[in-house]
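Okay, thanks for coming, everyone. Let's get the structure up on the screen and walk through it together.

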Amino acid sequence: MFWSWCFFQRCPRVKLVDVVGIDENPVWSALYSKLHGPTAKFIHGDINSTSTLKQLAEAGFFHCVALAGVHCQPFSRMGDQKGMQDVRSTSLPKALSTCWLLQAVVIAIECVPGVMQDAGFQGALRHFTSLTGYKLSQVVLSLQDSWCSRRDRWFGVLVAPIMSPLQIPPMP
């Protein structure tokens with residue numbers, strides 16, 4: 001899963017315009033189009049497949065700001081808790097790989113708070129930053145501070161090597 005509902009609700013507030021959404025489940029196509037209009041493109045497929053990468057490259061989505069909601073079930077208290085041993089956890093390295101190939105300037109990732117203490121997840125992030133020079137900031141935010149929700153979410157922001165790390169402030 002490459003996009004996240006949390007991100008979509010906040011993008012317009014910071015003047016970001018969604019231009020493409022990617023998901024392996026075609027059911028999200030209609031909702032994505034409804035939320036973002038006819039100019040936003042939806043790609044049904046694996047974020048790291050040759051077909052998806054080709055579509056992204058042909059559309060010129062280089063040096064972008066990428067927002068990725070990775071599969072949470074492997075790390076969720078209500079999920080299987082198999083961490084990086086769960087096949088769904090490949091959504092993190094796939095998203096990072098795609099963002100690297102597109103040379104994304106900023107990569108924002110959202111997941112459940114459990115990833116902050118998951119050794120495998122944190123190891124994957126450290127491995128990516130050591131290979132690429134991207135700088136990582138991460139935090140668990142209490143969404144109930146701003147929304148009618150009793151959820152906490154982990155957010156990680158990776159920035160290109162030429163940038164200073166971004167600090168993620170608490171929810172207002």
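Before the helix pair, a word on how angles work here: axes are lines fitted to C-alpha atoms, for helices over the stretch in contact, and angles run from 0 to 180 degrees between N-to-C directions. Helices (H or I, at least four residues) and strands (E, at least two) are DSSP runs, numbered from the N terminus.

Quick housekeeping: this is a predicted model, where local features need pLDDT of at least 70, side-chain atom pairs count only at pLDDT 80 or more, and totals for chains, interfaces and linings use all residues. Residues are numbered from 1 along each chain as its sequence is written, and side-chain values use heavy atoms, with hydrogens and water left out.

So, α4 and α5. Helix α4 covers residues 91–101 and helix α5 residues 119–132; their axes come within 10 Å and cross at roughly 15°. That makes α4 roughly parallel to α5, since angles under 35 degrees count as roughly parallel, over 145 as roughly antiparallel, 65 to 115 as roughly perpendicular and the rest as oblique.

Which residues make the contact? From α4 you've got Leu92, Leu96 and Trp100, and from α5 there's Phe121, Ala124, Leu125, Phe128 and Thr132. Contact means heavy atoms within 4.5 Å. Sorted by type, the contact residues of α4 and α5 are seven nonpolar, one polar and no charged.

Zooming out, the protein chain has five helices and six strands, and along the sequence they run α-β-α-β-α-β-α-β-α-β-β. The chain has 172 residues, and 44% of them count as buried; buried means under 20% relative accessible area, exposed over 50%, partly exposed in between (1.4 Å probe, protein chains only). Take the contacts between residues at least 6 apart in sequence: 60% join residues at least 24 apart.

Last, two loop residues to look at. His63 sits in the loop between α3 (50–58) and β3 (65–69), and has a positive phi of about 55° although it is not a glycine. Is His63 buried or exposed? Exposed, with a relative accessible area of 57%. Then there's Gln103, in the loop between α4 and β4 (106–111). Gln103 isn't a glycine either, yet has a positive phi of about 55°, and Gln103 is partly exposed, at a relative accessible area of 33%.

Definitions and conventions
Nonpolar A, V, L, I, M, F, W, Y, C, P; charged D, E, K, R; others polar.
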